[in-house]
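Okay, everyone, thanks for coming. Let me put today's structure up on the screen, and then I'll walk you through a few spots in it.

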Amino acid sequence: MNKRPHYLFVFIFCLMLLGAALFFQLVVGLEPCPLCVLQRLALMAIGLVAVLAFLHNPSGWGDKAYGLLLVCGGLFSAGIAIRQVWLLSLPPEEAASCGPGLEVWLDSFITYLPQGSVTEILLRSGASCTEVSWSIFGLSLPQLTSPLFILLAFYLIWLLFRRGNNHVGTFSMR
């Protein structure tokens with residue numbers, strides 16, 4: 001099986017999710033919370049590894065290394081999505097904060113970025129992880145997107161264990 005189309009699909013999927021995040025932030029006006037920003041960072045990492053794997057077209061150990069990096073990113077983003085849905089399911093008085101550590105770190109990092117840059121917009125967080133500011137059909141945005149992150153993680157696990165071209169035996173009659 002040639003994995004290059006799968007790597008390209010993962011890259012395009014990450015671009016689409018990041019584009020949707022920017023749409024909801026810039027057009028709809030939803031501010032991302034720190035967990036949303038972490039998911040964006042994970043998507044950027046997954047997309048970068050996927051495009052590198054697509055361009056490199058690795059085999060053997062290289063393929064496994066790219067696969068492991070992708071699976072780690074996929075599991076990390078799925079874990080963040082599950083945590084956010086869990087936080088939203090708790091009563092407000094029991095809900096834990098997303099943690100100020102990330103906000104402090106990102107704010108100090110963002111101060112070195114040009115104002116209005118895409119990176120600054122992607123990484124700026126201004127909302128709480130426990131408040132629902134937008135919903136459709138009674139589902140919040142994290143509840144709608146968490147299945148996508150979970151499916152992405154499963155897809156990346158499946159891709160890791162698929163055999164590449166170098167493992168497929170060829171038989172030719174001469």
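**A short tour of the model**

Let's start at Phe23, which has a relative accessibility of 43%, so we call this residue partly exposed. A quick word of caution before I go on: what you're looking at is a predicted model.

So where does Phe23 sit? You'll find Phe23 in helix 1, which covers residues 4–26. Phe23 also belongs to a nonpolar surface patch, together with Leu26, Val27 and Val28. Taken together, those four have about 380 Å² of accessible area.

Now, rings. How many aromatic pairs does the structure hold? There are 4. One of them is Phe23 with Phe24: the ring centres are 5.6 Å apart and the planes stand at 80°, so this one is edge-to-face. The cut-off behind that label is an angle of over 60 degrees between the planes. What I like here is the contrast in cover: Phe23 is partly exposed at 43%, whereas Phe24 is buried, with a relative accessible area of 19%. Buried means under 20%, by the way, so Phe24 at 19% goes in that class.

Staying with aromatics, there's also a cluster to look for. Phe9, Phe13, Tyr155 and Trp158 come together as one aromatic cluster. And if you turn to Phe54, you'll see Arg4 lying over the face of that ring, 4.5 Å from its centre.

Okay, charges. Side chains of opposite charge can pair when their charged atoms come close. Searching the whole structure turns up 1 salt bridge. Which side chains meet in it? Asp63 and Lys3 do, with 2.7 Å from N to O. Asp63 is in helix 3 and Lys3 is in the segment before helix 1, so this pair ties together parts that lie 60 residues apart in sequence. Are these two buried or exposed? Both Asp63 and Lys3 are buried.

Last stop, the backbone at Asn57. This residue isn't a glycine, yet Asn57 has a positive phi, about 50°. Where is Asn57? Look in the loop that runs between helix 2 (34–56) and helix 3 (61–89). With a relative accessible area of 36%, Asn57 is partly exposed.

Note on methods. Residues are numbered from 1 along each chain as its sequence is written. This is a predicted model: local features need pLDDT of at least 70, side-chain atom pairs count only at pLDDT 80 or more; totals for chains, interfaces and linings use all residues. Side-chain values use heavy atoms; hydrogens and water are left out. Helices (H or I, at least four residues) and strands (E, at least two) are DSSP runs, numbered from the N terminus. Buried means under 20% relative accessible area, exposed over 50%, partly exposed in between (1.4 Å probe, protein chains only). Patches are made of residues with over 30% relative accessible area and no salt bridge: like charges are joined within 9 Å, nonpolar side chains (Val, Leu, Ile, Met, Phe, Trp, Tyr) within 5 Å. Accessible areas come from the Shrake-Rupley method with a 1.4 Å probe; for residues, only the protein chains shown count as cover. Rings of Phe, Tyr and Trp (its six-membered ring) pair if their centres lie within 6.5 Å; planes under 30 degrees apart count as stacked, over 60 as edge-to-face and the rest as tilted. A charge sits over a ring if NZ of Lys or CZ of Arg is within 6 Å of the ring centre and within 35 degrees of the ring normal.
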